[in-house]
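Look over the sequence and the fold, then read on.

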Amino acid sequence: MGDPKPFKIRGTRRLRWEDMASRPEGFVAIGDAVLALNPIYGQGMSVAAVEALAMRDAIAASDDVAGLAGRIQESFRTTLDFVFDSGLRSDAHYPATTVHGVEVPLPPKSRVLGAAATEDWKVAVAMRYVSHGFSAEPLQRPEIQARVRARMASKRPARPHDPAVIPKPFAGTPLPR
Ligand SMILES: Cc1cc2nc3c(=O)[nH]c(=O)nc-3n(C[C@H](O)[C@H](O)[C@H](O)COP(=O)(O)OP(=O)(O)OC[C@H]3O[C@@H](n4cnc5c(N)ncnc54)[C@H](O)[C@@H]3O)c2cc1C
């Protein structure tokens, strides 16, 4: 094995094909051509898979090919906005990040969700489903909300989160398999 070789990635890039005023019939942009994500989140292939399912459903629901490409492109919007906004919300607040063409969203109001997820496997699994299923629904379930509320009520501070500091090895009980 040779020495590690660094390479540069342009960061997250969202192209709003669905907002084109006019479009070539039969043209659909998918995968990184629509949303190329910061690879640190490991979401790009999952997004492409969700788009493929949306495309399948749009084709199945269509009796007419006229405008079909536009309907398919539009069907990606909710997923793409969700993933793009959540990545942007995290990335935008690193000092080295530059943002073009979008408003910087406010940082999360509290770190309680992340703090709860480091201590409670059910919250951690719900967050994982959110970050790879691209819907907030798993976190809105009553059981998860109750667990997060209990964590808030405990008023224990969230552990400091500094990406430059390697956390100590986990010393608790492993997650059930
Ligand atoms: C370092 C890194 C780590 C990642 N880790 C993860 C992960 O853990 N989990 C995850 O889900 N996603 C991850 N991703 C993202 C994932 O790789 C992409 O989202 C996914 O590959 C996008 O698929 P795609 O088909 O849209 O594009 P690509 O996989 O990039 O395919 C595009 C293809 O088109 C070809 N091509 C380009 N230009 C031309 C041309 N002019 N003519 C002909 N062919 C052309 C390219 O050679 C390439 O083969 C990672 C990405 C990177 C860079």
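**Overview**

The protein chain contains 7 helices and 2 strands. Helices (H or I, at least four residues) and strands (E, at least two) are DSSP runs, numbered from the N terminus. This is a predicted model, in which local features need pLDDT of at least 70 and side-chain atom pairs count only at pLDDT 80 or more, while totals for chains, interfaces and linings use all residues. Residue numbers start from 1 along each chain as its sequence is written.

**Fold and dimensions**

- Along the sequence, the protein chain runs β-β-α-α-α-α-α-α-α.
- Its C-alpha atoms fill a box of roughly 55 × 45 × 40 Å, taken along the principal axes.
- Of the 177 residues in the protein chain, 14% are buried. A residue is buried if 20 or more other C-beta atoms lie within 10 Å of its own, exposed if 12 or fewer, and partly exposed in between, with C-beta atoms placed from the backbone.
- Take the contacts in the protein chain between residues at least 6 apart in sequence: 57% of them join residues at least 24 apart. Two residues are in contact if their C-beta atoms, placed from the backbone, lie within 7 Å.

**Nonpolar cores**

- The largest nonpolar core has 10 residues: W17, V34, L35, L37, V47, V50, A54, F76, L80 and V83.
- At least two residues of this core come from each of helix 1 (44-60) and helix 3 (77-91).
- Helix 1 gives the most, with 3 residues.
- Another core, of 6 residues, lies apart from it and includes A115, A117, A126 and I144.
- A nonpolar core is a set of buried Ala, Val, Leu, Ile, Met, Phe, Trp, Tyr and Cys residues joined through C-beta atoms within 7 Å.
- V34 touches L15, W17, A29, F76 and L80, not counting residues up to four places away in sequence.
- In soluble globular proteins, nonpolar side chains tend to be buried together.

**Helix 4 and its partners**

- Helix 4 (residues 112-119) has A115, A116 and A117 as its buried residues.
- These buried residues pack against helix 5 (121-133) and helix 7 (142-153).
- Helix 4 and helix 7 pack at an angle of about 105°, and their axes are 9 Å apart. Axes are lines fitted to C-alpha atoms, for helices over the stretch in contact, and angles run from 0 to 180 degrees between N-to-C directions.
- Helix 4 is therefore roughly perpendicular to helix 7. Angles of 65 to 115 degrees count as roughly perpendicular, under 35 as roughly parallel, over 145 as roughly antiparallel and the rest as oblique.
- V112, L113, A115 and A116 of helix 4 meet R147, V148, R151 and M152 of helix 7.
- By class, this contact has 6 nonpolar, no polar and 2 charged residues. Ala, Val, Leu, Ile, Met, Phe, Trp, Tyr, Cys and Pro count as nonpolar, Asp, Glu, Lys and Arg as charged, and the others, Gly among them, as polar.

**Ligand shell**

- I9, G31, D32, A33, P39, G42, Q43, G44, M45, S46 and A48 surround the ligand. A residue is near a molecule if its C-beta atom, placed from the backbone, lies within 6 Å of it.
- The shell divides into 5 nonpolar, 5 polar and 1 charged.
- M45 is found in helix 1. M45 is exposed, with 11 other C-beta atoms within 10 Å.
- M45 and R111 are 66 residues apart along the chain, with C-alpha atoms separated by 27 Å.

**Single residues**

- I144 belongs to helix 7. I144 counts as buried because 20 other C-beta atoms lie within 10 Å.
- Beyond its neighbours within four places in sequence, I144 is in contact with K122, V123, A126, P138 and L139.
- F134 sits in the loop between helix 5 and helix 6 (137-140). Its phi is near 65°, a positive value in a residue other than glycine. F134 is partly exposed, with 19 C-beta neighbours inside 10 Å.
- K155 lies in the segment after helix 7. K155 has a positive phi of about 60° although it is not a glycine. With 7 C-beta neighbours inside 10 Å, K155 is exposed.
- Most residues other than glycine have a negative phi.
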